[in-house]
Every structure is written in structure tokens, then in C-alpha cells.
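I set out to record what I looked up in this structure, entry by entry.

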Amino acid sequence: MSNSKNFFLNGDQYYVEDKITLLELINYFNYNTSLLVLEYNNSICNKKNWNEIYIHDNDKIEIVTIVGGG
């Protein structure tokens, strides 16, 4: 039996075999953690919880990065 989970990140579908936290996902994609807001299943997720929340099948994750300019 496969432990494969599919999830959606910014509208794109991904698959993962291993247990992975939100923080591990963010690091994998090289996001700057100080410049983003993360929405997990339609709720803003506090940064202090990223290492405690594991991705499950059909999770929806949206990452919004903050860009400065002038």
C-alpha cells in the first residue's frame, strides 16, 4: 500500500511519498521564510506551527511572497 499523498501548492498538484512538514516544503522550494504568508486549507498558518503541521492528502497550500519596491 502506497503512502503517496497528493496536495496542491499555489494551484499546482504535487505528490509526496514521505511525511513532510510545511517548513520542509517551504525549504525544499527555497522560499525566504521571513518574506511570505502561508495559507493552509483556507486558513492563515502561523509561522511557529510550520514545523508541526504535516501535509495530508488533498491539502491546499497557498504561499504569497512579499516583494518590496519603489
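In total, 5 bridges join β1 to β2, and the two strands run antiparallel. I count two strands as paired if DSSP finds at least two bridges between them. Strands (E, at least two residues) and helices (H or I, at least four residues) are DSSP runs, numbered from the N terminus. β1 and β2 form a hairpin with 2 residues between them, and Asn 10 in that turn has a positive phi of about 50°.

The model is predicted, and local features need pLDDT of at least 70, side-chain atom pairs count only at pLDDT 80 or more, and totals for chains, interfaces and linings use all residues. Residues are numbered from 1 along each chain as its sequence is written, and side-chain values use heavy atoms, with hydrogens and water left out.

I recorded 1 helix and 5 strands in the protein chain, running β-β-α-β-β-β from the N terminus on. The C-alpha atoms fill a box of roughly 50 × 25 × 20 Å along the principal axes. Of the 70 residues, 29% are buried; buried means under 20% relative accessible area, exposed over 50%, and partly exposed in between (1.4 Å probe, protein chains only).

In what order do the 5 strands lie in the open sheet? I read the order as β2-β1-β5-β3-β4, with mixed pairing. The edge strands are β2 (12–16) and β4 (43–44), each of which pairs on one side only. Strand β1 (residues 5–9) is joined by 3 bridges to strand β5 (residues 59–65), and these two run parallel. I noted that β1 is mostly covered, with 4 of its 5 residues buried.

Phe 7 has Asp 59 in β5 as its bridge partner. I found Asp 59 buried yet without a salt bridge, a salt bridge being a side-chain nitrogen of Lys or Arg within 4 Å of a carboxyl oxygen of Asp or Glu. The nearest side chain of opposite charge, Lys 60, is 7.8 Å away. The side chain of Asp 59 does make a polar contact with the side chain of Tyr 40, at 2.6 Å. A polar contact is a pair of N or O atoms within 3.5 Å; within protein, one must be able to donate a hydrogen and the other to accept it, and residues adjacent in sequence count only if both atoms are side-chain atoms.

Ser 43 is found in strand β4. I list Ser 43 as partly exposed because its relative accessibility is 41%. Ser 43 and Glu 62 are 19 residues apart in sequence and 9.7 Å apart in space, C-alpha to C-alpha.

I placed Val 37 in strand β3 (residues 36–40). Val 37 has a relative accessible area of 35% and is therefore partly exposed.

Key:
Lys, Arg positive; Asp, Glu negative; His and termini not counted.
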